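Q: I would like to learn how to read the packing of a fold from its coordinates. Please take one structure and go through it with me.

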Amino acid sequence: MMISFFENQFKPFVITVLIINIHLIFTPLSAQEENFSIPDSLKTYSFFKLRSKVNEWYFKRKSIELKTYANTYFKKAIKTNDSLLIAEGYGFLSYTVFEEPKEEYYIDKAIDYSKNLKGYFMPAMAYYIKSGIKSEKNNFKEQLDYLLLAHEAAINGRNLGLVSRVKHDLGALKNRIGEYEEAVEYAKDRWDYIKNKKHNTVYLSSLYLLSVTHSYANYLEDATVYNQQGMLLSKKIKNESYYAKFILLEGVNQYFKKNYICLLYTSDAADEEDSV
């Protein structure tokens, strides 16, 4: 009875301590939020200019420059009490970390600040990044949920470029989970946005998605047309990676068509590409 008494008396205290400890372990607080000082050279930078600098340095994620611009944006945003700017700041901070708990922490903060608002970047971009985190964990149900949230938010924010990017990921995901007809529709929508844009890797990626989804949906002739376009264009702009991908896709297509002679020619072309 005495043990039972003490268990009942201290149970709330033990649970509280556990909650606090769990919070400390799994909430990746960073010194950069508290201790960063804006350099004198950046104090007059507008949010627009800082945003441009963050995007400019995004692909050099280990750079001091990216961390400096992102932290400056965040510090300036905090002083404004503008929820959308603060959300963007947290989003930019997520670019500067490589540990998944920290990245997700920043993105969750961005969502918290912007989920009830309609901005051009937020909350759509936060939902989109969150979908990528779920994809890396192979949690496709939650990935789909966040992609749909990103799609709705991007439409509300009139961010047509992001709407198109989300549709690309929805097409790839729908294809992955076996919903082939929906995948084709998303891929077509993405292509309608991209097809008159500059011929680059993004263009080839969209054409590749169009081919893959049509192939899985058994629209093999259409897929062949897209593969031929992809091979010609990737060769023209000297993208060897996508050239090989389109050859491989067409080889699969010819196999499904039972066109084995053509498949041999496709295989030879792939071998020739590997030898370059």
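Predicted model: local features only at pLDDT ≥ 70, side-chain atom pairs only at ≥ 80, totals over all residues.

Q: What percentage of the residues count as buried?

A: The protein chain has 276 residues, and 43% of them count as buried. As for contacts with a separation of 6 or more, 56% are between residues 24 or more positions apart.

Q: How many helices and strands does the secondary structure come to?

A: There are 14 helices and zero strands in the protein chain. Written from the N terminus on, the order of elements is α-α-α-α-α-α-α-α-α-α-α-α-α-α.

Q: By what are two packed helices described?

A: The description uses the angle between the two axes and the distance between them. Take helix α7 (residues 124–136) and helix α8 (residues 140–156): the angle is about 165 degrees and the axes are 8 Å apart. Therefore α7 is roughly antiparallel to α8, as angles over 145 degrees count as such. The crossing of α7 past α8 is left-handed.

Q: Which residues of α7 and α8 meet?

A: From α7 they are Ala124, Tyr127, Tyr128, Lys130, Ser131, Lys134 and Ser135. From α8 they are Phe140, Glu142, Gln143, Tyr146, Leu147, Leu149, Ala150, Ala153 and Ala154. By class, the residues of this contact of α7 with α8 are 10 nonpolar, three polar and three charged.

Q: At what angle do α7 and helix α9 pack?

A: α7 and helix α9 (residues 160–176) pack at about 20 degrees, and their axes are 11 Å apart. So α7 is roughly parallel to α9. Their crossing is left-handed. In this contact Ala124, Met125 and Tyr128 of α7 meet Leu162, Arg165, Val166 and Asp169 of α9. Five of the residues in the contact of α7 with α9 are nonpolar, none is polar and two are charged.

Q: How do helix α11 and helix α12 pack?

A: Helix α11 (residues 201–216) and helix α12 (residues 220–236) have axes 8 Å apart, at an angle of about 155 degrees. This makes α11 roughly antiparallel to α12. The crossing of the pair is left-handed. On the α11 side the contact includes Tyr203, Leu204 and Leu207; on the α12 side, Leu220, Tyr226 and Leu233 are among the residues. The contact of α11 with α12 divides into eight nonpolar residues, seven polar and one charged.

Q: Now for single residues. Does Arg51 count as buried or exposed?

A: A residue under 20% relative accessible area is buried. Arg51 counts as buried because its relative accessibility is 15%. Arg51 is placed in helix α3 (residues 47–56). Apart from its neighbours within four places in sequence, Arg51 is in contact with Tyr73, Leu85, Glu88, Phe92 and Phe121.

Q: Why does Tyr242 count as buried?

A: Tyr242 counts as buried because its relative accessibility is 11%. Tyr242 is in helix α13 (residues 240–256). Its neighbours within four places in sequence left aside, Tyr242 is in contact with Thr201, Leu204, Ser205, Tyr208 and Ser234.

Q: What separates the C-alpha atoms of Tyr242 and Thr201?

A: Tyr242 and Thr201 are 41 residues apart along the chain, and 8.3 Å separates their C-alpha atoms.

Technical notes. Residues numbered from 1 in each chain as written. Heavy atoms only, no water. Axes fitted to C-alpha atoms, helices over the stretch in contact; angles between N-to-C directions. Helix = DSSP H or I, 4+ residues; strand = E, 2+ residues; numbered from the N terminus. Parallel < 35°, antiparallel > 145°, perpendicular 65-115°, else oblique. Left-handed = near helix turned anticlockwise from the far one by under 90°. Contact = heavy atoms within 4.5 Å. Nonpolar A, V, L, I, M, F, W, Y, C, P; charged D, E, K, R; others polar. Buried < 20%, exposed > 50% of the residue type's maximum accessible area, 1.4 Å probe, protein only.
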